[in-house]
Amino acid sequence: PGGKAVDAPIHLLFVSTAEGPVASHPRGLIVAGAGAVATVIESYVSSGEGVYFTNAVTEVVVKEDAVITHYRFQQESERAFHVATTQVHQERASNYASYAISLGAEIARHDLSVALTGENIETTIDGLYVATGRQHTDSHTSIDHQKPHSVSKHLYKGILDGRSRGVFNGKVFVREGALLTDARQLNKNLLLSSDAHVDTKPQLEIFADDVKCAHGATVGQLEDEELFYLSTRGIPPESARALLTYGFAEDVISRIKLKSAREHLDRVILGKLRQNLLGAQA
């Protein structure tokens with residue numbers, strides 16, 4: 001309700017127990033009234049390694065002066081297929097922050113669209129995708145500045161190993177009349193294998209004057225000098241790779257304000273990286 005501040009996070013937990021090929025179509029609707037404040041966690045997990053399809057839709061409406069912090073964790077079975085859409089509607093002076101983490105599924109895609117329909121809006125879109133083996137992960141984002149005096153910050157990072165593939169396509173629109181918009185977008189990717197592949201395409205479409213906009217993308221590998229430095233300090237090669245890789249991801253994880261969620265991600269991501277390194281050695 002309007003004016004209500006919810007102290008504890010609201011957790012939407014979707015658990016798949018499928019053993020055979022089934023499909024589920026969950027839909028979530030989050031409406032924050034004027035001046036409301038809440039944190040929402042949206043989690044997709046599985047109890048096994050079954051083959052199934054998740055087709056999810058989440059709609060978020062952030063009314064005037066409302067503040068919503070939205071964490072989205074995708075940890076499906078690595079044999080599953082996960083396709084999801086998140087649509088966000090922000091009104092004047094509202095604040096919406098999204099942290100989307102993609103770790104599971106054989107093929108995963110998340111489309112996130114945010115419409116800034118009023119003035120003095122703040123939007124933060126952070127994301128992290130980690131893919132190993134033959135996983136394929138797609139992240140498609142769209143931020144639509146429709147009115148003046150709004151700010152959007154957009155950081156996505158990807159870690160890819162094995163024969164995995166990542167796709168990032170981020171769009172920022174600054175509509176005619178949306179003066180004094182400040183929009184920043186950055187996608188960084190770390191390839192741990194010569195067989196891993198990433199396609200990145202940050203985009204800006206600006207139809208207004210007197211704005212500050214920037215976008216960029218990077219693709220790189222671990223530095224041999226950094227690995228050598230850690231080896232001279234007695235750190236084994238596999239631990240050094242895991243440490244440097246985790247440091248790359250920490251830039252996104254450290255932005256998560258909810259301590260329990262941050263600690264959970266620390267364990268899950270370190271476990272996934274360690275398991276993959278041990279598998280590569282075997």
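This report looks at one residue, Asn 189, and at one strand, β6, in a predicted model.

## Ground rules

In this predicted model, local features need pLDDT of at least 70 and side-chain atom pairs count only at pLDDT 80 or more, while totals for chains, interfaces and linings use all residues. Residues are numbered from 1 along each chain as its sequence is written, and side-chain values use heavy atoms, with hydrogens and water left out.

Let's start with Asn 189, which sits in strand β14, residues 182-191 (strands are DSSP runs of E, at least two residues, numbered from the N terminus). Asn 189 is buried, at 2% relative accessible area; buried means under 20%, with a 1.4 Å probe and protein chains only.

The side chain of Asn 189 makes a polar contact of 2.6 Å with that of Tyr 129, and another of 2.8 Å with that of Asn 187. A polar contact is a pair of N or O atoms within 3.5 Å; within protein, one must be able to donate a hydrogen and the other to accept it, and residues adjacent in sequence count only if both atoms are side-chain atoms. Beyond its neighbours within four places in sequence, Asn 189 has contacts (heavy atoms within 4.5 Å) that include Tyr 129, Leu 160, Thr 218 and Phe 248.

## Strand β6 and its partners

Next comes strand β6, residues 67-75, where seven of nine residues are buried. Strands β4 (residues 37-46) and β6 run parallel, joined by nine bridges; pairing requires at least two DSSP bridges between two strands. Here Ala 38 has Ile 68 of β6 as its bridge partner.

Strand β8 (residues 95-102) also pairs with β6 in the parallel sense, over eight bridges. Thr 69 stands opposite Ala 97 of β8.

Technical notes. Helices (H or I, at least four residues) and strands (E, at least two) are DSSP runs, numbered from the N terminus. Buried means under 20% relative accessible area, exposed over 50%, partly exposed in between (1.4 Å probe, protein chains only).
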